[in-house]
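We will go stop by stop.

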Amino acid sequence: MSDAADIIIIGSGASGAAAAWSLSRDKSLRIICFEQGSIADSSDYPTKSTDWELARSGNFSFDPNIRKNSADYPIDDSKSPISIANFNGFGGSTILYSAHFPRFHLSDFRVKTLDNIADDWPLSYSELDPFFNENEKIMGVAGLVGDTAYPEYNSLLPPIPLGDMGKEMAKAFNKKNWHWWPSYAAINTDKRKSRASCINIGPCNVGCSQGAKGSVDVTYWPLARLNGVEVYTESRVYEITLDSKGLADGVLYMDADGVEHKCKANIVIVACSGIGTPRLLLNSKSLAFPDGLLNDNGLIGKNLMLHPLAYVEGVFEQDLKSSLGPHGCCILSQEFYETRDDHDFVRGYTMQILRGAPPIETAISGYFMRQLSIGKKHHEMFDKLFNHTAGIAIIAEDLPELHNQVELDYDNKDLFGMPGVKVHYKLSDNTKKILKHGIKMSKEIFSEVDAKVTSSFAPVKNTGWHLMGTARMGTDPQASVVNKYGQAHQVKNLFIVDSSVFVTSGAANPVATAQAITLFACNYIRDNIANII
């Protein structure tokens, strides 16, 4: 069975959804998006029940190897100190993300020029600026204008409340005279908006039943579908096909029953994440690309960047109700974001202040960290811990290295026989120094407010949310996969628009920048579509 479209988009997550909306403003185009997962019903999210925390170790786990949803594929990350996190379903990983939503910095696009490391991006911050603004309006980003680290912001929703814990941590940064600011969050805080506003429950990472969190199923997709975009869910694309001229002419996919189909198209756009995109490209072999589509220079899957994380936790004497509010969005500090002459490392990190753990996590982690006992004093000790904690996450800039890579795993396949992936990743010496410095500075912060540091370690294992760099952009076809518009050097009607095109990783969550790049690329596609096809 075959079908046809003007444009095919593979992946319905952050970038796929932004692409669908942007391109569908030309309503003459037939656009089909393929998503191998299904549409989640927000009424079924774990947040509707009191035992919601248990779902994080089951069917709403970040880790597909734990979740084992029929839409997932095996990921062997045994050769990595960091486990890979992703979610296959309508809306992609935005269903489970924390919605921490900072932009990259101007310097992130010019690290070669500024610090003589890695490479400069082929596009600049100023080129993305209007698309950052456009994206933030649609996603609904809360924050506070005036941040010296981000002077470019001109309009935001009211910031997420700091809460008592956030105010205490802000005092600590003020005492050190270090930068801090309310977190930028893709969470609705304005009751006048069409979407419900945040009510500060906290379990954002298992899906927001309220609809306040800016997952793309409630931001971009309603707009794109109104414009006529069709979404084929439970439809697993396993190959992008080429015609006799070497142009992409469509995809091969399997439906929920494993029946094979072909869908033709004039333009194919890939938005499957920094893991899923190289997987699909490497699996799309042909006479023109026997080692995988666009892999003539051997770069597909290489230069994987993950943002290694350090974690430091402090316990306060007073009850700060720290578990209330979006877990990943309190305040951030970018005091150590840029390269400094007095550091023994280049580039830097973001300090992200996290809310305290919810009750079950508090009890379990407290027991294993020997902060709680089982017995008569359990509840007394629990009361001194729950709502008394704060965490600092160190988001380290991860420099691109060829040996950090994704490859196909032919020994472990998905439900319909497509290979899974193997991840080969190790921390660089530079990253280790960043994490060590971040832990030291975090301890200094907690000491300023007399909080007792009870744990500090790096890297944190289950934090591979940020998947970048495996199909990088650039001007040289021998040293990159796509150009600044995400257009493949070797196949002009094939585009990649997710974070796999990142040249460097910055030290900030990548979603806002990935979506701005997507809108930038799609603006180019709309303006040049006659020449592309």
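Select isoleucine 240. Leaving out residues up to four places away in sequence, isoleucine 240 touches Ile10, Ala248, Gly250, Val251, Val268, Val270, Leu280, Leu281, Ser284, Leu293 and Leu494. Touching, or contact, means heavy atoms within 4.5 Å. This is a predicted model: local features need pLDDT of at least 70, side-chain atom pairs count only at pLDDT 80 or more, and totals for chains, interfaces and linings use all residues. Residues are numbered from 1 along each chain as its sequence is written, and side-chain values use heavy atoms, with hydrogens and water left out.

Next, the core. A nonpolar core is a set of buried Ala, Val, Leu, Ile, Met, Phe, Trp, Tyr and Cys residues joined through side-chain atoms within 4.5 Å. Buried means under 20% relative accessible area (1.4 Å probe, protein chains only). The largest nonpolar core has 105 residues. Trp221, Ile240, Val251, Leu294 and Leu494 have the most contacts inside it. Now select residues 511-532: this is helix 11, which gives the most to this core, 11 residues. Helices are DSSP runs of H or I, at least four residues, and strands are E runs of at least two, numbered from the N terminus. Apart from that core lies another, of 43 residues, including Ala172, Leu304, Ile439 and Phe446.

Last stop: a sheet. Which order do its three strands have? The order is 3-14-13, in an open sheet with mixed pairing. Strands pair if DSSP finds at least two bridges between them. Strand 3 (75-79) and strand 13 (405-413) are the edges, each pairing on one side only. Strand 3 and strand 14 (residues 419-424) run parallel, joined by three bridges. Select lysine 79: histidine 424 in strand 14 stands opposite.

Definitions and conventions:
Buried means under 20% relative accessible area, exposed over 50%, partly exposed in between (1.4 Å probe, protein chains only).
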